[in-house]
Amino acid sequence: MNRLLPFIGFMLLVGLFGFGIWWNTQHDPNAIPTPLLNKPAPEFNLPKLYEPTQQVSKADLLGKPYLLNVFASWCIECGVEHPVLSAEAPTLGVQLVGYNYKDPPADAKNWLAKHGNPYALLIADEPGNTAIDFGVYGAPESFLIDAKGVIRYKHIGPITPEVMAKELKPAIAAMLKEAP
């Protein structure tokens, strides 16, 4: 029996290695799961970027679907996705809501003045507290939220033309098709 232990150990390692290879072919190793998918978006009440005395809440946005795009002036990848959002915003079929994250308002306003403002609405979360409830890892991140306030899609990282065409637009179309 003592002679079989190394063989059994070796076979166990081969089995684990094989399972690991199979697992990686069935799952995206870069995917970060979100527990909020198909669940109600967190409640929030945040100031408008350009009118900080006015607040926007989750309840204010109910009734129409929207794409919540988390961005910041300090975010290099946000500059990569910004031209894509600017070009596609008019044809998305949903409102584009900018969520300025951990950014001094003056910096965000200067960045938008320089790069353009594709957003129908801009909210600010300078301390980043509400972003924690959304499970934001960093900017950029985007959440597709339906008219009932349920998160239907989440993308971490920049929205590239490929992501727009292969993921986001089909997710929007599917969500709009389901809507009553």
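Predicted model: local features only at pLDDT ≥ 70, side-chain atom pairs only at ≥ 80, totals over all residues.
Reader: OK, and what is the phi of Asn38?

Author: Asn38 has a positive phi of about 65°, although it is not a glycine. Its relative accessibility is 48%, so Asn38 counts as partly exposed, a class that lies between buried (under 20% relative accessible area) and exposed (over 50%), with a 1.4 Å probe and protein chains only.

Reader: What about Lys102, where is that one and what is its phi?

Author: Lys102 is placed in the loop between β4 (95-101) and α4, and its phi is near 50°, a positive value in a residue other than glycine. With a relative accessible area of 43%, Lys102 is partly exposed.

Reader: Let me step back: how many helices and strands are there in the protein?

Author: The protein has six helices and seven strands, and from the N terminus on its elements run α-β-β-α-β-α-β-α-β-α-β-β-α. Of its 180 residues, 41% count as buried.

Reader: Which helix comes within 12 Å of α3, axis to axis?

Author: That is helix α4 (residues 105-115), whose axis comes within 12 Å of the axis of helix α3 (residues 76-88) and crosses it at roughly 40°. Axes here are lines fitted to C-alpha atoms, for helices over the stretch in contact, and angles run from 0 to 180 degrees between N-to-C directions. The two helices α3 and α4 are therefore oblique to each other; angles under 35 degrees count as roughly parallel, over 145 as roughly antiparallel, 65 to 115 as roughly perpendicular and the rest as oblique.

Reader: And which residues meet there?

Author: Cys78, Gly79 and His82 in α3 meet Trp111, Leu112 and His115 in α4, where contact means heavy atoms within 4.5 Å.

Reader: Now α6, at what angle does α3 pack on that one?

Author: The angle between α3 and helix α6 (residues 161-178) is about 55°, and their axes are 10 Å apart. That makes α3 oblique to α6. Val84, Leu85 and Glu88 of α3 make this contact with Pro161, Met164 and Lys169 of α6.

Reader: Changing topic, which cysteines form a disulfide?

Author: Cys75 and Cys78 form one, with their sulfur atoms 2.4 Å apart, and a disulfide is taken as a pair of cysteine sulfur atoms within 2.5 Å. By this rule the count comes to one disulfide. The torsion about the S-S bond of Cys75 and Cys78 is about 90°, so the disulfide is right-handed.

Reader: Are Cys75 and Cys78 buried or exposed?

Author: Both Cys75 and Cys78 are buried.

Reader: Which strand holds Leu68, and what does Leu68 touch?

Author: Leu68 lies in strand β3 (residues 66-71), and at 1% relative accessibility it counts as buried. Not counting residues up to four places away in sequence, Leu68 touches residues including Val97, Tyr99, Phe134 and Glu141. Leu68 and Glu141 are 73 residues apart in sequence, yet 8.3 Å apart in space, C-alpha to C-alpha.

Reader: And where is Leu122 found?

Author: Leu122 is found in strand β5 (residues 121-125), and at 7% relative accessibility it counts as buried. Leaving aside neighbours within four places in sequence, Leu122 is in contact with several residues, among them Pro47, Tyr50, Phe71 and Leu112.

Reader: One last thing, which peptide bond is cis?

Author: The peptide bond from Ala139 to Pro140 is cis, with omega near -5°, and Pro140 is found in the loop between α5 (129-134) and β6 (141-145).

Terms used
Residues numbered from 1 in each chain as written. Heavy atoms only, no water. Helix = DSSP H or I, 4+ residues; strand = E, 2+ residues; numbered from the N terminus.
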